[in-house]
Amino acid sequence: MIRILLAEDMHMIRGALAALLGLEPDMEVVAEVARGDAVVPAALVHLPTVAVLDLNMPGADGLSAARDLRAALPDCRILILTALGRPEALRSALAARVGGFMLKDAQPDLLAAAIRSVAAGEHVIDPTLAAAALTAQESPLTPRETDVLRLAATGAELDEIAGELHLTQGTVRNYLGAAVTKLAARNRIDAVRIARDHGWLE
């Protein structure tokens, strides 16, 4: 029996996934959580075979939860689900050594098959996402420039970004200027749009 932990913050989606997987004769959903930071505590209690993690969750994103879970429970396999297939996110998932990466709108039978493959130690990647990742440009931004631009994308002001990242406002301004220049953007808003379009703010 494949024991499954589901981590998804949308209650309706989580419930639908649990119901669908519960119909599979060789699967049992042993735990459901709505936050990324609840994944490891639940996994340590229920010892799932496979953790199915949403990429975007409150508390901790799916990739952070995956890294923490690998450290805490190395035998648990991990499958990431995402609504938006960003090439950068796929590369990050592979770097985090997850077993699978799929779109949420995949057919239920494909999800069940992917879980079986991941449980068996195989790798499963949505072929459309794999092709996009192979042809996509790598981000020219440094990790810090990305952090600053990601916060700017939320509408945060210079002082808020500086406080969040423990930087001076002048340093934040320099990072934003560098991001605008590297992305050949007209301004900060245009830089956010370009980075989002390429999946670099995932």
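**Note on the predicted model**

1. T82 is part of strand β4 (residues 77-82); strands (E, at least two residues) and helices (H or I, at least four) are DSSP runs, numbered from the N terminus. This is a predicted model, in which local features need pLDDT of at least 70 and side-chain atom pairs count only at pLDDT 80 or more, while totals for chains, interfaces and linings use all residues. Residues are numbered from 1 along each chain as its sequence is written, and side-chain values use heavy atoms, with hydrogens and water left out.

2. T82 has a relative accessible area of 1%, so it is buried. Buried means under 20% relative accessible area, exposed over 50%, and partly exposed in between (1.4 Å probe, protein chains only). Leaving aside neighbours within four places in sequence, T82 is in contact with L55, F101, M102, L103 and K104; contact means heavy atoms within 4.5 Å.

3. A salt bridge is a side-chain nitrogen of Lys or Arg within 4 Å of a carboxyl oxygen of Asp or Glu. The whole structure has 11 salt bridges.

4. One of these joins D26 to R116, with the closest N and O atoms 2.7 Å apart. D26 sits in the loop between α1 (11-22) and β2 (27-33) and R116 in helix α5 (residues 108-119), so the pair ties together parts that are 90 residues apart in sequence. D26 is partly exposed at 25% relative accessibility, and R116 is partly exposed at 30%.

5. K182 and E145 form a salt bridge at 2.9 Å, N to O. This pair links helix α9, which holds K182, with helix α7, which holds E145, across 37 residues. K182 is partly exposed at 39%, whereas E145 is buried at 6%.

6. In helix α10, R193 and D190 lie 3 residues apart, about one turn of the helix, and their side chains meet in a salt bridge of 2.7 Å, N to O. R193 is partly exposed at 42% relative accessibility; D190 is buried at 5%.

7. Where is H166, and is it buried or exposed? H166 is in the loop between α8 (158-165) and α9 (169-182), and its 73% relative accessibility makes it exposed. Its phi is near 60°, a positive value in a residue other than glycine. L47, in the loop between α2 (39-46) and β3 (50-54), likewise has a positive phi, near 50°.
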